[in-house]
Amino acid sequence: MLILGLESSCDDCSASVVEETASGPVLKSLVRRSQDEIHAPFGGVVPELAAREHLLQLRGTIAEALDKAGVGLRDIDRIAVTQGPGLVGSLLCTFSAAKALAWREDIPWVGVHHLLGHLNAARFAKPDLAFPALTLLVSGGHTHLYLSKDWRSLQLLQKTRDDAAGEAFDKAARLLNLGYPGGPPVDTCARKAAQAGPRFTPPKFRDGLASWSFSGLKTAVKLRVQAEPRLAQAGAEDAEVQALCRSLQETIALWLLKPLPALAAEHGARSLIISGGVACNSELRLQAQKVALELGLELAIPEPKLCTDNGAMIASAGAILEPNGDWTLNADSDLKLVAR
Ligand code: KG4
Ligand code: ZN
C-alpha cells in the first residue's frame, strides 16, 4: 500500500510517500520545505505568515514528493493528513488540499492526530517494537510522557505545566542571539563547550503532582544575560555561551529522563520511544541510550529528519488507521487524543 502523507500543522510544509509492507513502513520520499527564514526575524512562528506560505509551498512540495518516489497521484492508495492540533490556518491549508485531491482522484483518506504521527515515526526504525512502551514526545509545542500499548495508543502519564522543552531551547537561543529555531544552534554550541557552566536548579512543586516545568530555565538564562550583557552578542564561538548551552541541554535531558525508571517499573514497560523535534538533541539521545540500557528497555528514537515535523510520520500513522471518508471532517487546532 502506497500512502501520501501531508503535514503542515505549524511552519514546516512536508509531503512524503511511504510504502506500508509486511515488515513495516518504507520511506520512498520525504520533502520538507522550511519557513525558518520567514519566521526567524520574529524569533518564533507568525501564524498568518505560516498559513500564507503553505498555500504557496503545498503544490510544489506534493509534486516533488511524488516525483522523488517515482509515482503519480493515481498510484497512491491512501492520503494521510494532519488534522490537528496545531495552527488553524496552517492545518486548514493542507487538510483542504488533501480532501480535494482525495475527492478528485477517488483516493481513501484519513485525518491523523499530530502526536500519533510523532509516535509512528519510530515505526520506521523499530516496526516490531515490544509494548507496553513509555513514549516521550518532546517538541516546540509538547512535552508529554505517555504509556503506549501499541502504535495507536497514547495514555498520558505526565506533561509540562508551562513551556515545552523545545520552547526552552528556542527562548534561550533568542536571548543569546543564536537564531531560530533554537534547538539546533544550542546543540551545536553545547558540543563545542570544554565544560558545562553551573547547573540549573530543578523546580519544586508544592502540590506534589508529577510534571515538568521549563519556564524557569528561560528566566535563569535571562538573568545570566542581564548580569553579563555581553553574552547576548558574544555568539556561538564564545566559551561562556558554549558552557551555558551545555548546562542548558544537560539539564533538559536530565529532567526529561528522570521520571522514567519509576514509571517503567510501575507500568512494566518493555520499550522507550522518544520523538518530536527535541529528540534530535545529541545529549538527550546519548543519555536516553544509557537510561534504556540500565532499565533493560528497547530504545526507539527516529533518525533526526523523522523526529521533527514531517509527512512520513503522518503516512506511517495513517497506514495503521482506518480511512474515515467523512467529508464533514475538518482541521481542528485543538484536536484531542482518543485515549486507547
Ligand atoms: O516536532 P517539531 O519539529 O515541531 C513541533 O511540533 O513543535 O519540533 C520543533 C522543536 C523546536 O523547538 C526546535 O528548537 C527543537 O524542536 N529542536 C531541537 C533540536 N532540533 C530541533 N531541540 C534541541 N536540540 C535539537 N538538536
Ligand atoms: Zn510536532
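Here are some friendly notes on the helix packing, the ligand site and the backbone of this predicted model.

1. Some ground rules. Local features need pLDDT of at least 70 and side-chain atom pairs count only at pLDDT 80 or more, while totals for chains, interfaces and linings use all residues. Residues are numbered from 1 along each chain as its sequence is written, chains are lettered from A and ligands numbered from 1 in the order in which they are written, and side-chain values use heavy atoms, with hydrogens and water left out.

2. Helices α7 and α9. Helix α7 (residues 215–227) packs on helix α9 (residues 239–257) at about 165°, their axes 12 Å apart. The axes are lines fitted to C-alpha atoms over the stretch in contact, with angles from 0 to 180 degrees between N-to-C directions; helices are DSSP runs (H or I, at least four residues), as are strands (E, at least two), numbered from the N terminus. The pair is therefore roughly antiparallel (an angle over 145 degrees). On the α7 side the contact (heavy atoms within 4.5 Å) is made by L217, V221 and R224, and on the α9 side by E240, L244, L248, T251, I252 and W255. By class, that contact has six nonpolar, one polar and two charged residues. Here Ala, Val, Leu, Ile, Met, Phe, Trp, Tyr, Cys and Pro count as nonpolar, Asp, Glu, Lys and Arg as charged, and the others, Gly among them, as polar.

3. Helices α5 and α9. The axis of α5 (residues 165–175) comes within 11 Å of that of α9, crossing at roughly 170°. That makes α5 roughly antiparallel to α9. A165, A168, F169 and A172 of α5 meet L248, Q249, I252 and L256 of α9. This contact has seven nonpolar residues, one polar and no charged.

4. Ligand 1. It is surrounded by 20 residues, the closest being G140, D170, G183, G277 and D309 (a heavy atom within 4 Å). For polar contacts (pairs of N or O atoms within 3.5 Å), D187 has a polar side-chain atom 3.0 Å from a ligand nitrogen atom. N281 likewise places a polar side-chain atom 3.0 Å from a nitrogen atom of ligand 1. H114 has a polar side-chain atom 3.5 Å from an oxygen atom of the ligand.

5. Backbone points to look at. Most residues other than glycine have a negative phi, and most peptide bonds are trans. The G84 to P85 bond is cis, with omega near -10°, and P85 is in the loop between β4 (78–84) and α3 (88–105). Y180 and P181 are also joined by a cis peptide bond, omega about -5°; P181 lies in the loop between α5 and α6 (183–192). D106, not a glycine, has a positive phi of about 55°.

Conventions
Angles under 35 degrees count as roughly parallel, over 145 as roughly antiparallel, 65 to 115 as roughly perpendicular and the rest as oblique. A polar contact is a pair of N or O atoms within 3.5 Å; within protein, one must be able to donate a hydrogen and the other to accept it, and residues adjacent in sequence count only if both atoms are side-chain atoms.
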